[in-house]
Amino acid sequence: MHSRGLDTTLPSSFMGLECGTEPGDAEERIKLIGERLDVMMSMGAGPWMLDKEKSIETIIENLKKDIDRFGADAIGECGFDKHWNYGTIEKQRELFMREILLSKELNLALIVHSRDADEELLSLSPYFDDRTIMHSFSSGLETAKKILDRGACLSFSGNITYKANEHIRESAKYCPLDRILFETDSPYLSPVPMRGKPNTPMNTEYTLEFIASLKGVDKEELKERVKENFISVLKHSESVVKRDIAAF
């Protein structure tokens, strides 16, 4: 799974998700992805939208317009971000809750963004279930345990390879194999040895190898397990998003 940009040189064996960050970008993203139905697409509005549009109602209306026009494989990313403090935490909670309810209404997986906001995240964890993906999980073991208790999956990015992030490695060690995913968060969080360069989905191989070694499992076994987990959460193996870009 990856977000904020697609490397069009993806291998034929790739399966993943191009993660939505704000309403109104679906058409551009579809044009980049083209006909690859093994690349899923979520539609979402992250907390940063509160610095671009003050009305939560307008944000949700625009998000629904994208979904009505194109469909969606999942809702998100959405959630909390106290690192940048977009809007207020109360507004972040309101927007996140609206997207949680939308995912339930549409019976779609939920992709959750959380940065420096464990307390707020856990306050809404009763709404999480086995259709929930913790995007680019960067919290410690105690938060991981509570999220996993709700049935959610933890998705790890290249920052798990950074020396300072032992707390993320502890979470990955604890995470059961049937609840683990990995991603790029491209163009950010390139794994070692690519750190400092723009990230691409091709770099998931480094993250895969690192996590396989960390958990003491075969790399190919982990790759297949992650693919199974991904399909299980989304409940389909081909994108339902409309790809008929000729009409644009």
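I took a salt bridge to be a side-chain nitrogen of Lys or Arg within 4 Å of a carboxyl oxygen of Asp or Glu. The model I examined is predicted.

Entry 1. I searched the whole structure and found 19 salt bridges. I noted one network of salt bridges, which links Glu205, Glu209, Lys219, Glu220 and Lys223.

Entry 2. I looked up the pair Lys82 and Glu120, whose closest N and O atoms are 3.2 Å apart in a salt bridge. This pair joins distant parts of the chain, 38 residues apart: Lys82 lies in the loop between β4 and α3, and Glu120 in helix α4 (residues 118-123). I found Lys82 partly exposed, at 34% relative accessible area, and Glu120 buried, at 10%.

Entry 3. I then turned to Glu170 and Lys173, which form a salt bridge with closest N and O atoms 3.3 Å apart. The two residues are three apart in helix α6 (residues 166-174), so about one helical turn separates them. Glu170 is partly exposed at 31%, and Lys173 is partly exposed at 40%.

Entry 4. I recorded a salt bridge between Arg36 and Asp38, 2.8 Å from N to O. Asp38 counts as buried at 18% relative accessibility, whereas Arg36 is partly exposed at 24%.

Entry 5. I finished with helix α3, whose 18 residues (89-106) reach 26 Å from the first C-alpha to the last. I listed its buried residues, among them Leu95, Phe96, Ile100 and Leu102. The buried residues of α3 pack against α2 (56-70), β4 (74-81) and β5 (109-115). After α3 comes Asn107, with a positive phi near 55°.

Technical notes. Residues are numbered from 1 along each chain as its sequence is written. This is a predicted model: local features need pLDDT of at least 70, side-chain atom pairs count only at pLDDT 80 or more; totals for chains, interfaces and linings use all residues. Side-chain values use heavy atoms; hydrogens and water are left out. Helices (H or I, at least four residues) and strands (E, at least two) are DSSP runs, numbered from the N terminus. The expected span of a helix is 1.5 Å times one less than its number of residues. Buried means under 20% relative accessible area, exposed over 50%, partly exposed in between (1.4 Å probe, protein chains only). Contact means heavy atoms within 4.5 Å.
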